[in-house]
Amino acid sequence: MPESHTCPLCTNHALPIFRKGEFSILECGRCEHRFADFAAPSSHVSSVYDDDYFTGGGVGYPDYLSERRSLTRRGKRYARLMKSLGPPGSVLDVGAAAGFILDGFRANGWTAKGIEPNRRMAQFAVSELGLDVQAASLESFETNERYDLVCAIQVLGHFVDPHTAAGHLSRLTRAKGYCLIESWDRKSLSARMFGSGWHEYSPPSVLHYYHHDGLVKLMADHDLTLVRWGRMPKWIEAGHAKSLLRLKLGELPGGSSLARLADVIPEGLSLPYPGDDLKWWAFRKIES
């Protein structure tokens, strides 16, 4: 029989359902959370999110800094979205990278601060954009501040321990403040269509694969209650799209030939992301 593991969300039994490279992907029999069978070393954050993640392509970015225009625009859209729930205040962006999304919030009246484990990206945000971004991981970040809004944009699946991460996000959010999560829904139509070939199954970079109900329950366990959710249009630069296509097409039979199809995409374009699997959730911190 397959070896049983403990689900990191509900502590029930989870079993392997398929392999992705050298890793098993497991599913919980109770809450249906999926996660990679990976014992993360102490160097996990620094090794996975080194400079190559932002410049090496593959599951990362071929040139993260080239995404500035689309990411700043995305930050502005999220700033306007959150303004519909309350006036601009203090915002902490967790996993701020080079600060582009955070800059969009600042442009819409928010007092902006960020944390980013990659020192090169954090330094760019400070020196080039004049943002207050500290080189730190969520787990190592120490502050007595509480924020009106805490953002975690496409980072939740990267954390080793979901409850530890959610607990830190809740701790940093002031009472009646908000936590904004952007993440991938593994029960979306796109994810179900691609099955084990879904792009988010990419350990050891992405370790957890959430669905709506599981994510809502996780955050509720840490005094964050769902108030709104939806989908935000996403645009990606042509170079990033080509890099992802080469990676995913290369995994298919005859993939080396198929991967060359990515070369027909002209450089310099911003392309709309067509999937329905990327969503956002706005949670409100319950007063304790």
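Predicted model: local features only at pLDDT ≥ 70, side-chain atom pairs only at ≥ 80, totals over all residues.
Helices (H or I, at least four residues) and strands (E, at least two) are DSSP runs, numbered from the N terminus. With a relative accessible area of 62%, methionine 193 is exposed; exposed means over 50%, buried under 20%, and partly exposed in between (1.4 Å probe, protein chains only).

Residues are numbered from 1 along each chain as its sequence is written, and side-chain values use heavy atoms, leaving out hydrogens and water. Local features need pLDDT of at least 70 and side-chain atom pairs count only at pLDDT 80 or more, while totals for chains, interfaces and linings use all residues.

## Helix 8

The buried residues of helix 8 (residues 212-220) are Gly214, Leu215, Leu218 and Met219. Seen down the axis, these buried residues fall within an arc of 125°, so they line one face of the helix. The arc is that of the directions from the helix axis to the C-beta atoms. Asp213 and Lys217, on the other side of helix 8, are exposed.

The buried residues of helix 8 pack against helix 6 (162-172), strand 9, strand 11 (224-230) and strand 14 (278-285).

## Serine 183

Strand 9 (residues 173-184) holds serine 183, which counts as buried at 5% relative accessibility. Leaving aside neighbours within four places in sequence, serine 183 is in contact (heavy atoms within 4.5 Å) with Leu156, Tyr210, Asp277, Leu278, Lys279 and Trp281.

## Aromatic pairs

Rings of Phe, Tyr and Trp (its six-membered ring) pair if their centres lie within 6.5 Å; planes under 30 degrees apart count as stacked, over 60 as edge-to-face and the rest as tilted. By this rule the count comes to 13 aromatic pairs.

Tyrosine 201 counts as buried at 2% relative accessibility, and tyrosine 209 counts as buried at 1%.

## The whole chain

The chain has ten helices and 14 strands. Of its 288 residues, 51% count as buried.
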